[in-house]
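Work through the exercises below with the sequence and coordinates open. Each task is followed by a solution in steps.

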Amino acid sequence: MAKITYRHPNGTETVVDVPVPNTVMRGAKINNIDGIEAQCGGSAQCGTCHVYVDEANTLPLPAMHESEDDVLYGTAAPRRATSRLSCQLPVSEEIDGLVVHLPETQS
Amino acid sequence: MAAPSVVVIGAGQAGSDTAAALRSQGFDGRITLVGAEGVPPYQRPPLSKQFLAGAGGGGDLALRPASFHAERDIEFVARDPAVRLDRDARRVALASGRTLGYRHLVLALGARPRRLAVPGGGLDGVLTLRTLTEAGRLRDAMRDTGRLLVVGGGFVGLEVAATARAAGLAVTVVESGPRLLARAVSGAMSAHLLAEHRAHGVRVLLSREVAALHGDGAGRVREAELAGGERIAADLVLVGIGAVPETALAAGAGLAVDDGVLVDRHLRTGDPAVYAIGDCARFPDPRTGRPLRLESVQNAADQARCVAAALCGAPRPYAALPWFWTEQFGLRLQIAGLGTGHDRVVTVGDPRTGRFSLLCYRGERLLATESVNRPADHMITRRLMGAGAPLPTPRQAAAPGFGFKEFRQTAAV
């Protein structure tokens, strides 16, 4: 179980406990959090589960795979240095406390 | 007077997304989502891939968590298909005998697999794949069999062929047309997929028709007979020859139907209270004006949002860019746009490396990008095409060293 905070574009946030194993994308889906579409179901195809990892984050996130990097070239909201596909971020005890910001739009 | 109510018929991707989008867009009237199946809405793409390969149970496929409908005050009606629509009374009757009144009705009825109309087409072991139930049946059958015949070289057929081959089955694909995925991709991409399947040991027969299926004494399929007489042993047959849109409910209520429920650019039928979306709907292609019916997750999801916006008082014409994906033997093919009618193809990258894109042009106009293991090409095409931004000309794309990432930077969009 890890606590994940999803911060919405309007400044509100949703904090949920996400069971392991899961991804940050699934954590949003199973908790009914709007703002993550994941049209492809989590296979790094569609770019509709885009998040910005909080800039102050120091938790150990996996390195970005080339295909994730490629998909991030076409997200609907602008790509930033902190952009990730949430389907490619596995939830583990090690990322307990992770904060991600949801973009204005996913598609 | 009761709050305005929306009844959504069909609980697949399009129907489920409509209900969800209505709530997230602020609709506060009653929402009823009516499904024919006994399970909550689920994802279909994994049914021919991960699910079939044995990974994950049905619960992993759920589109939304179990608590979703209750939390959003959406009534979800399971296992109760709509059987009759009375537009004058604005009521829809369900199989159980229950009737639902509506202010607005959204038909998200989907499509059903086309049957193989040959002798023996009804034998045991002849299956189709559209629903979770069918996928479970196919998965179980694949465990007990060694020889699979796939009829049809479209998305479903090829994905099942690849999954089954990877699981060690002997697989034959019989396609009646001269090439694979003919309706969806360019000839060059068909050829690449053909080579890929053959390299993995799938026997692929093109321009061949199944004339009959023969069974054993117990009524179970054992053999296919092709036109011309060739016989192929098979303990299991998957029929993937396309799907027929579910239009009976609409036609029965006097709505216009022509291989799909006909809708305008706002996805509305001739009755302003009735919309149709997803696999069952035929809408004007915003790029050509021609009537178009698409079976894809993208189309279902985007049409759902479009209808929800209209019902929330913010109508806009449907204009989303079509895109598709498939995975076969680890090959990831992504298609952005519709290549129908292209007259030349420019290759970006080297197909021998397994990473390349085919750009389908009509004259100077890019109609579609078909990308194999090059997601950036796909994503950037989607973004630029969707925004109406300049796209690479054939000359630019054919130049040595062309790359979508660099193009997008220089185009500054």
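**Exercise 1. State what covers the buried residues of helix α4 of chain B.**

Step 1. Helix α4 of chain B takes in residues 155-166, 12 residues in number; helices (H or I, at least four residues) and strands (E, at least two) are DSSP runs, numbered from the N terminus.

Step 2. The buried residues of α4(B) are B:G157, B:L158, B:E159, B:V160, B:A161, B:A162, B:T163 and B:A164. Buried means under 20% relative accessible area, exposed over 50%, partly exposed in between (1.4 Å probe, protein chains only).

Step 3. The cover over these residues includes helices α3 (132-143) and α5 (187-199) of chain B. It also includes strands β10 (147-151), β11 (170-174), β16 (236-239) and β22 (323-328) of chain B. Contact here means heavy atoms within 4.5 Å.

Step 4. From its first C-alpha to its last, α4(B) reaches 16 Å, close to the 16 Å expected at 1.5 Å a residue. The expected span is 1.5 Å times one less than the number of residues. Just after α4(B), B:G168 takes a positive phi of about 100 degrees.

The conventions are these: this is a predicted model, in which local features need pLDDT of at least 70 and side-chain atom pairs count only at pLDDT 80 or more, while totals for chains, interfaces and linings use all residues. Residues are numbered from 1 along each chain as its sequence is written, chains are lettered from A and ligands numbered from 1 in the order in which they are written, and side-chain values use heavy atoms, with hydrogens and water left out.

**Exercise 2. Examine the backbone at A:P21, A:N32 and B:L267.**

Step 1. Most residues other than glycine have a negative phi, and most peptide bonds are trans.

Step 2. A cis peptide bond joins A:V20 and A:P21, with omega about 0 degrees. A:P21 is in the loop between β2 (13-18) and α1 (24-30) of chain A.

Step 3. A:N32 is not a glycine, yet has a positive phi of about 60 degrees. A:N32 is in the loop between α1 and β3 (50-53) of chain A, and counts as buried at 9% relative accessibility.

Step 4. B:L267, also not a glycine, has a positive phi of about 70 degrees. B:L267 lies in the loop between β18 (261-262) and β19 (274-276) of chain B and is buried, with a relative accessible area of 0%.

**Exercise 3. How many aromatic pairs are there over all chains, and which charges lie over the faces of B:F51 and B:W323?**

Step 1. A search of the whole structure finds four aromatic pairs. Rings of Phe, Tyr and Trp (its six-membered ring) pair if their centres lie within 6.5 Å; planes under 30 degrees apart count as stacked, over 60 as edge-to-face and the rest as tilted.

Step 2. One of the pairs is B:F402 with B:F404, edge-to-face at 5.4 Å centre to centre and 75 degrees between the planes. Both B:F402 and B:F404 are buried.

Step 3. B:F402, B:F404 and B:F407 form one aromatic cluster.

Step 4. B:R139 lies over the face of B:F51, at 4.0 Å from the ring centre. B:R382 lies over the face of B:W323, at 4.0 Å from the ring centre. The criterion is NZ of Lys or CZ of Arg within 6 Å of the ring centre and within 35 degrees of the ring normal.

**Exercise 4. Describe the contact of domain 1 with domain 2 of chain B, then that of chain B with chain A.**

Step 1. Chain B is assigned domain 1 (5-112 + 244-311), domain 2 (120-241) and domain 3 (330-411); the bounds come from an automatic or database domain assignment.

Step 2. In domain 1 of chain B, 18 residues are in contact with 12 residues of domain 2 of chain B. The area buried between these domains is about 1300 Å², of which carbon and sulfur atoms give 62%. Buried area is the accessible area (1.4 Å probe) that two parts lose on being put together, summed over both.

Step 3. B:S48, B:F51 and B:L52 supply 43% of the area that domain 1 of chain B buries against domain 2 of chain B, more than any other three residues.

Step 4. Between the chains, the contact takes 31 residues from chain B and 24 residues from chain A. The buried area is about 2200 Å², with carbon and sulfur atoms giving 40%. In chain B, B:M379, B:R383 and B:K405 lose the most area to chain A, together 22% of what that side buries.
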